[in-house]
Amino acid sequence: MSEIKTLNHGEKFSHASVGTLHGFEGKQFVKDATGATSCEISFGTLPSGAEVPFFHSHKENEENYIILSGAGKFQVDNNVFDIAEGSVIRVATNCDRNLKCTSSEPMTYICIQAKEGSLGAYTMTDAVISEGTASLLS
Ligand code: ZN
């Protein structure tokens, strides 16, 4: 089972890591390590042939699954479809979901939970290009 570690933080940021995704195992939730207030993010890996041992539903949060490696099948209520590295699956509230790894390699994914309907402004309607900060990146 991989662990998540908080690496550093400041007044306006926090930085955590689950380590390399190639060797990631199990399931890790990120919110407590980063202090996130707008969403919960988890990393998950299913070995070849494995599925999450239960179906589940959410009352308030939609989920967005991002498949990072491997391939498999995703089920939402009575709908089943193939998923693979690069897939992004949005699942609404109040429906059952599960996923299974069918590839020979493990399937690693990220799941982001956020309150359904809460996204207002985003990207260019929320971002402001800043001119007051000198780059310290070099
Ligand atoms: Zn969930």
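## Notes on the zinc site, cores and turns

1. Histidine 56 comes out as partly exposed, at 24% relative accessibility. For the cut-offs: buried is under 20% relative accessible area, exposed is over 50%, and partly exposed is in between, using a 1.4 Å probe and protein chains only. Keep in mind that this is a predicted model, where local features need pLDDT of at least 70 and side-chain atom pairs count only at pLDDT 80 or more, while totals for chains, interfaces and linings use all residues. Residues are numbered from 1 along each chain as its sequence is written, and side-chain values use heavy atoms, with hydrogens and water left out.

2. Now the metal. The zinc ion has His56 (NE2), His58 (NE2) and Glu63 (OE) as its protein donors, at 1.9 to 2.1 Å. Donors here are N, O and S atoms within 2.8 Å of the metal (3.2 Å for Na, K and Ca), and water is not among the atoms, so sites may look incomplete. Along the chain, the donor residues follow the spacing H-x1-H-x4-E. Glutamate 63 is buried, with 3% relative accessible area, whereas histidine 56 is partly exposed.

3. On to the packing. A nonpolar core means a set of buried Ala, Val, Leu, Ile, Met, Phe, Trp, Tyr and Cys residues joined through side-chain atoms within 4.5 Å. The largest one has 15 residues, and the members touching the most others are Tyr65, Phe74 and Leu99. At least two residues each come from strand S5 (61-69), strand S6 (71-76), strand S8 (88-91), strand S9 (97-101) and strand S10 (107-115). S10 gives the most, with 3 residues. Elements are DSSP runs numbered from the N terminus: helices are H or I with at least four residues, strands are E with at least two. Apart from this core lies another of 7 residues, including Ile4, Val18, Phe24 and Ile110. As general background, nonpolar side chains in soluble globular proteins tend to be buried together.

4. S6 has two partners to look at. S6 and strand S7 (residues 79-84) pair antiparallel over 6 bridges, where pairing takes at least two DSSP bridges between two strands. S6 also runs antiparallel to S9, joined by 5 bridges. Valine 76 shows both sides: its bridge partner in S7 is asparagine 79, and in S9 valine 76 stands opposite arginine 97.

5. Two phi values to check. Most residues other than glycine have a negative phi. Aspartate 77 has a positive one, near 50°; it sits in the hairpin of S6 and S7, which has 2 residues between the strands, and is partly exposed at 36%. Asparagine 94 is also not a glycine and has a positive phi of about 55°. Asparagine 94 lies in the loop between S8 and S9 and is exposed, at 58%.

6. Where are the disulfides? The search of the whole structure finds 0, a disulfide being a pair of cysteine sulfur atoms within 2.5 Å. Cysteine 39 has its closest cysteine sulfur in cysteine 111, 10 Å away, which is too far for a bond. Cysteine 111 itself is buried, at 3%.
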